[in-house]
Structure formats: C-alpha cells, structure tokens
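Please keep the structure in view while reading.

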Amino acid sequence: MKDGLIVYLVNSPEPQEGFDVVGAAANLGEKAEQVVLVSSREGFFTVEDAWHFLFTRGCGRIRLLVAQAEDEQKLRPLGPAVRLCG
C-alpha cells in the first residue's frame, strides 16, 4: 500500500512555476511515494480531485498538509498533516 500526500497551499503568494513540492515536503520530514499540490495556479484546484487522483494511483494512506509557500522551495506548515484515509 502506497502513501500519498496532498499539500494544500493557503494564504501565500503562489509558488513559482516548477515549484518542487516533493522536495519541499521532504524538507519538512514528510515521506510519501506520491505528493501532489493543490493551489489556484498549479496542481489540482480541489482537495477532492487530488485525493481521487492519489486513490486511483494505488495510494491507500493519504494525508493532507495545509501549508504556506515561504520561498522557492520552502513550505511552512500551518498544522500537522492529517489522515484522510487509510
């Protein structure tokens, strides 16, 4: 069973094009086989779409991390990652 992580960006300037969400999540110690981004400019537009994408790709454990983008490759989490399923 694979682990998936949804990074939901709020209240921050949009990340630059090509933002490395996998690397930024790894810098926080978040480990997952698949990491996706939910923002208004890049990635998915809703958490539900991101969850469905990960679920259909075989992720049994999916967590949600709400964060702000601080600079090109850093995230500031607004709380701990919460489990959505699995």
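A residue counts as buried when its relative accessible area is under 20%. The model is predicted. By that cut-off, 4 of the 5 residues in strand β2 (residues 34-38) are buried, and the strand is mostly covered.

**Strands.** β2 pairs with strand β1 (residues 2-9). The sense is parallel, and the pairing runs over 5 bridges.

**Gly 4.** This residue sits in strand β1. Is Gly 4 buried or exposed? Gly 4 has a relative accessible area of 0%, so it is buried. Leaving aside residues up to four places away in sequence, Gly 4 touches Ala 32, Gln 34, Leu 54, Cys 59, Arg 61, Ile 62 and Arg 63. Ala 24 lies 20 residues from Gly 4 in sequence, and the two C-alpha atoms are 15 Å apart.

**Aromatic pairs.** The structure holds 2 aromatic pairs. Phe 44 and Phe 53 form a tilted pair, because their planes meet at 45° with the ring centres 5.3 Å apart. Trp 51 and Phe 55 form a stacked pair, with 5.0 Å between centres and 10° between planes. Trp 51 and Phe 55 both lie in helix α2 (residues 47-56). They are 4 residues apart there, which means a separation of about one helical turn.

| Residue | Relative accessibility | Class |
|---|---|---|
| Phe 44 | 23% | partly exposed |
| Phe 53 | 26% | partly exposed |
| Trp 51 | 29% | partly exposed |
| Phe 55 | 45% | partly exposed |

Key:
Residues are numbered from 1 along each chain as its sequence is written. This is a predicted model: local features need pLDDT of at least 70, side-chain atom pairs count only at pLDDT 80 or more; totals for chains, interfaces and linings use all residues. Side-chain values use heavy atoms; hydrogens and water are left out. Buried means under 20% relative accessible area, exposed over 50%, partly exposed in between (1.4 Å probe, protein chains only). Helices (H or I, at least four residues) and strands (E, at least two) are DSSP runs, numbered from the N terminus. Two strands pair if DSSP finds at least two bridges between them. Contact means heavy atoms within 4.5 Å. Rings of Phe, Tyr and Trp (its six-membered ring) pair if their centres lie within 6.5 Å; planes under 30 degrees apart count as stacked, over 60 as edge-to-face and the rest as tilted.
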